[in-house]
Amino acid sequence: MKAIVTGGAGFIGSHLVDSLLDENFAVTVLDNFSTGRVENLEHVWEQVEIVECDLGVQGDWIRHFDNVDWVIHLAALADIVPSIQQPEAYFKANVEGTFNVLQAAKTAGVKRFIYIASSSCYGIPDNYPTSEDAEIRPQYPYALAKRIGEELVMHWTQVYDFPALSLRFFNVYGPRQDPSSPYSGVISLFAQWAKQGKAPTVFGDGLQTRDFIFVSDVVKANLLAADFQTSEPAPVVNIGTGQQTNLLELWELICGAACTEVGEPHFEEVRPGDVRHSVASTQKAKS
Ligand code: UD1
């Protein structure tokens with residue numbers, strides 16, 4: 001079996017590549033290395049075909065889709081605040097990039113297409129835990145662009161009978177998550193501060209909650225989903241744990257006994273676009 005992982009040099013993508021190799025897939029990674037890192041794939045460099053390309057522009061990379069069974073489309077610009085500052089870059093990468101990948105996969109007749117969507121599409125929902133049929137309310141350009149990408153993919157399932165499924169990831173954490181930007185995932189930043197013995201910055205009162213899910217769990221969900229045949233039109237599934245953790249609890253869990261030495265977090269203004277709570281209904285994923 002052959003698989004393409006777009007964004008395969010990224011934090012989540014590189015873990016997915018590892019698992020596909022374990023399952024004896026021939027794997028091709030398409031990545032522009034804007035946020036993906038060579039180090040994430042160094043240990044499998046000899047086993048993977050790596051194509052550096054810009055998916056926002058149609059190009060020669062399309063030929064790599066020939067005879068591919070599965071496409072897992074992870075390549076995207078993430079992070080909320082930068083998306084408010086540069087919406088055009090987000091539209092290009094997350095909407096046009098998805099359109100181009102989708103067309104390449106459709107033309108090649110792939111067997112399965114998994115779109116990695118974001119829980120941010122729910123915005124501030126009416127109900128927690130939030131199920132897949134909740135109203136879509138993107139609060140910032142990143143959330144909107146990921147949602148438009150999902151709509152494209154789902155539209156293709158209906159118009160062209162395209163074999164796709166969308167997985168809405170909640171807050172993923174784990175090894176290889178890059179803490180180098182102030183907008184990096186909060187667990188990677190808290191872990192970095194704890195290691196340096198420094199107090200973290202908390203935006204807001206720290207009582208906002210997230211559904212944090214470990215990267216190997218989302219990888220497992222991805223492989224199961226790719227293998228799963230469904231007759232549901234436009235299938236979308238939440239991938240979270242169903243458990244909420246607030247940021248103060250999170251900091252305690254990460255720095256543990258050292259917390260008192262490190263001192264109290266610094267509290268700053270809530271960031272633009274930030275939602276108060278987020279937690280997945282996992283019923284559909286379970287069933
Ligand atoms: C959001 C999306 C998620 C998306 C991700 C992409 C929601 C519910 N989630 O994650 O779907 O994949 O963006 O980037 O919209 N924080 C601090 N201190 C820090 C860093 C962060 O207090 O140093 C706070 C943030 O203000 C936020 C929480 O921690 O309240 C989580 O932040 P982050 O890890 O960036 O993820 P989301 O914003 O939840």
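Modeller: Let us begin with a pair of helices. Helix α3 (residues 87-108) and helix α4 (residues 141-159) pack at an angle of about 15°, and their axes are 9 Å apart. Helices here are DSSP runs of H or I with at least four residues, strands are runs of E with at least two, and both are numbered from the N terminus. The model is a predicted one, in which local features need pLDDT of at least 70 and side-chain atom pairs count only at pLDDT 80 or more, while totals for chains, interfaces and linings use all residues. Residues are numbered from 1 along each chain as its sequence is written, and side-chain values use heavy atoms, with hydrogens and water left out.

Colleague: Why are α3 and α4 called roughly parallel?

Modeller: Axes are lines fitted to C-alpha atoms, for helices over the stretch in contact, and angles run from 0 to 180 degrees between N-to-C directions. Angles under 35 degrees count as roughly parallel, over 145 as roughly antiparallel, 65 to 115 as roughly perpendicular and the rest as oblique. The angle between α3 and α4 is about 15°, and the two helices are therefore roughly parallel to each other.

Colleague: Which residues of α3 and α4 make the contact?

Modeller: Contact means heavy atoms within 4.5 Å. On the α3 side the residues include Y90, F91, V95, F99 and L102, and on the α4 side they include Y142, I148, L152, V153 and W156. By class, this contact of α3 with α4 has 13 nonpolar, 4 polar and 2 charged residues. In that division Ala, Val, Leu, Ile, Met, Phe, Trp, Tyr, Cys and Pro count as nonpolar, Asp, Glu, Lys and Arg as charged, and the others, Gly among them, as polar.

Colleague: What makes α5 oblique to α7?

Modeller: The axes of α5 and α7 come within 10 Å and cross at roughly 45°. That angle makes α5 oblique to α7. In the contact, V186, I187, F190, A191, W193 and A194 in α5 meet L247, L250, W251, I254 and C255 in α7. These residues divide into 11 nonpolar, no polar and no charged.

Colleague: Which residues of α5 are buried, and what do they pack against?

Modeller: Buried means under 20% relative accessible area, exposed over 50%, and partly exposed in between, with a 1.4 Å probe and protein chains only. In helix α5 (residues 186-196), the buried residues are I187, S188, L189, F190 and W193. They pack against β7 (171-173), β8 (201-203), β10 (212-214) and α7 (247-255). Just after α5, G197 takes a positive phi of about 70°.

Colleague: What makes a set of residues a nonpolar core?

Modeller: The set consists of buried Ala, Val, Leu, Ile, Met, Phe, Trp, Tyr and Cys residues joined through side-chain atoms within 4.5 Å. The largest such core has 35 residues, and V17, L20, V27 and L167 have the most contacts inside it. Elements that give two or more residues to this core include β1 (2-6), α1 (11-22), β2 (26-31) and α6 (215-227). The most comes from α6, with 7 residues. Apart from this core lies another, of 27 residues, among them V51, L102, M154 and W156.

Colleague: What does V27 touch beyond its neighbours within four places in sequence?

Modeller: V27 is in contact with A3, V5, V17, L20, L21, V48 and E49.

Colleague: How do you know whether D79, D161 and D133 are exposed or partly exposed?

Modeller: D79, in the loop between β4 and α2 (80-85), has a relative accessible area of 30% and is partly exposed. D161, in the loop between α4 and β6, counts as exposed at 68% relative accessibility. D133, in the loop between β5 and α4, also counts as exposed, at 70% relative accessibility.
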